[in-house]
Amino acid sequence: MLHSQLRESILAGSQMKKDIHPTYYPEATVRCACGQTWKTGSTKPEFEIEICSHCHPFYTGKAKLIDTAGRVDRYQRMVEKAKTFKNAKRKKTAADND
Ligand SMILES: [Zn+2]
């Protein structure tokens, strides 16, 4: 069944029992924290969400790190330190072989 057909039959109530279903709003408004709004079918006339396909990093391709207590910073410093250490070690070994 096509979505539009399903929606029509829901609206007509032809296949639904009476008094057991919540009110269906076929044009409910969804509002995202990023400012995007669109319409959908819902049992609430309108509702708000925190993240959507317009602002989620998976869809935007942009990394959005929520850094609590500078942990990302600390990790990146650690990675840098490890690299320097590795390079120093390699140089030393090369010098020993000469
Ligand atoms: Zn959004």
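First, the ground rules. The model is predicted: local features need pLDDT of at least 70, side-chain atom pairs count only at pLDDT 80 or more, and totals for chains, interfaces and linings use all residues. Residues are numbered from 1 along each chain as its sequence is written.

Let's start with the overall layout. The protein has 3 helices and 3 strands. Helices (H or I, at least four residues) and strands (E, at least two) are DSSP runs, numbered from the N terminus. Read from the N terminus, the order is α-β-β-β-α-α.

How much of the protein counts as buried? Of its 98 residues, 0% do. Buried here means that 20 or more other C-beta atoms lie within 10 Å of the residue's own; exposed means 12 or fewer, partly exposed is in between, and C-beta atoms are placed from the backbone.

Now contacts. Two residues are in contact if their C-beta atoms, placed from the backbone, lie within 7 Å. Residues 24 or more positions apart account for 2% of them.

On to the sheet. It is open, it has 3 strands, and the order is E2-E1-E3 with mixed pairing. Which strands stand at the edges? E2 and E3 (46-49) do, each with a single partner strand, so one side of each has no neighbour in the sheet. On average, neighbouring strands of this sheet are turned by 35 degrees against each other, direction ignored. For that angle, axes are lines fitted to C-alpha atoms, for helices over the stretch in contact, and angles run from 0 to 180 degrees between N-to-C directions.

A word on pairing. Two strands pair if DSSP finds at least two bridges between them. E1 (residues 25-32) and E2 run antiparallel, joined by 5 bridges. E1 and E3 run parallel, with 4 bridges. Thr 29 has a bridge partner in E2, Lys 39. Thr 29 also has a bridge partner in E3, Glu 46. Elsewhere, Tyr 25 stands opposite Ser 42 in E2. Arg 31 stands opposite Thr 37, also in E2.

Is strand E2 largely buried or in the open? E2 covers residues 37-42, and of those 6 residues the number buried is 0, so the strand lies largely in the open.

Next, the hairpin. E1 and E2 have 4 residues between them, and there Gly 35 takes a positive phi near 105 degrees. Ala 33 is in the loop between E1 and E2 too. Ala 33 is exposed, because 11 other C-beta atoms lie within 10 Å. What does Ala 33 touch, leaving aside neighbours within four places in sequence? Ala 33 is in contact with Glu 50 and Ile 51. Ala 33 and Glu 48 are 15 residues apart in sequence, yet 7.3 Å apart in space, C-alpha to C-alpha.

Asp 19 sits in the loop between helix H1 (3-12) and E1. Asp 19 is not a glycine, although its phi is positive, about 65 degrees. Asp 19 has 5 C-beta neighbours inside 10 Å, so it counts as exposed.
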